[in-house]
Amino acid sequence: MDFIRVRASADGAETISYWTGDVYGWEDGDGPHHLFGFEGLNVARAVEVDGGWRLLTREAALYLDPVSRKVLDSWDNPLTGREVEVRHVFNDPVNQRLGAYPVPETRLGGQVVYNVDIRLAYPSPLKVADHPENSASDTYRAMELFQFFASAADLDSGVPDVPCVFSWCRVSPWLPWMAMGPRGGGLVYHCRGAKVDEVPEALRERVGEHFLHAPAEWSAPNVTSWTAFRDRKAER
């Protein structure tokens, strides 16, 4: 499966994907507003199994001041006037099964583009009745739109780990920690990145050694910002 060689490595080696970008928000009748910078990494290992592949990954990402690009630990929400604690992304695991369906591929001259369009609608981990400040719906709805760009020559060479750059756009509800309650509107993430050998030192120091290595084996369920918020709130 050529896409595995682009997204990760077909020989089981770890690969790091780094991205940087921005997060915008709008309310019904207002916006869009440039709310955050965003920087993160995903570390992956592909394992071939009967019927396809397992992609074992974990990821971490940081919300940044949109101007200074410094990491935010608290945030004055301009939409509510309320200061809140920023909950950065530390999702472990983020595993996937691949191979049951072909990934759409477009050849553009000397490049090959794979697009992965993920449309999500499932029961929210944060029910409105239990989390009225942190959830606007009992159904989580979002889209994750990826494009992976690789050289046709690299693909044709047969190497197990094909270099790539990628774009990522996400449309989602307000984050739980933003404390937006039932307000209409939501967020758009617009990021770009690449498979890399190293990530910026400040990011490495903040996320820690654990998030610089892929999981050793499959586990479930996956962690999201919504489940992490729920679980941390339950611990208090």
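**How do you know? Reading a predicted model**

Reader: What makes you say that the charged end of Arg170 sits over the ring of Tyr189?

Author: The charged end of Arg170 is 4.9 Å from the centre of the Tyr189 ring. A charge sits over a ring if NZ of Lys or CZ of Arg is within 6 Å of the ring centre and within 35 degrees of the ring normal. Please keep in mind that this is a predicted model, where local features need pLDDT of at least 70, side-chain atom pairs count only at pLDDT 80 or more, and totals for chains, interfaces and linings use all residues. Residues are numbered from 1 along each chain as its sequence is written, and side-chain values use heavy atoms, with hydrogens and water left out.

Reader: Why is the pair of Phe146 and Trp168 called stacked?

Author: Rings of Phe, Tyr and Trp (its six-membered ring) pair if their centres lie within 6.5 Å; planes under 30 degrees apart count as stacked, over 60 as edge-to-face and the rest as tilted. By this rule there are 20 aromatic pairs. For Phe146 and Trp168 the centres are 6.3 Å apart and the planes at 25°, so this pair is stacked.

Reader: What does that pair tie together?

Author: Phe146 belongs to strand β10 (residues 139-151) and Trp168 to strand β11 (residues 165-172), so the pair ties together parts that are 22 residues apart in sequence. Strands here are DSSP runs (E, at least two residues), numbered from the N terminus.

Reader: Why is Trp168 called buried?

Author: Buried means under 20% relative accessible area, exposed over 50%, and partly exposed in between (1.4 Å probe, protein chains only). Trp168 has 9%, so Trp168 is buried.

Reader: And why does Asn77 count as buried?

Author: The relative accessibility of Asn77 is 1%, so the same label, buried, applies. Asn77 lies in strand β4 (residues 74-77), and its contacts (heavy atoms within 4.5 Å) are with Arg82, Met178 and Met180, not counting residues up to four places away in sequence.

Reader: How do you know that β1 and β2 pair?

Author: Two strands pair if DSSP finds at least two bridges between them. Twelve bridges join β1 to β2, and these strands run antiparallel. Tyr18, for example, stands opposite Leu41 in β2.

Reader: How covered is β1 (residues 15-27)?

Author: Mostly covered: ten of its 13 residues are buried.

Technical notes. Helix = DSSP H or I, 4+ residues; strand = E, 2+ residues; numbered from the N terminus.
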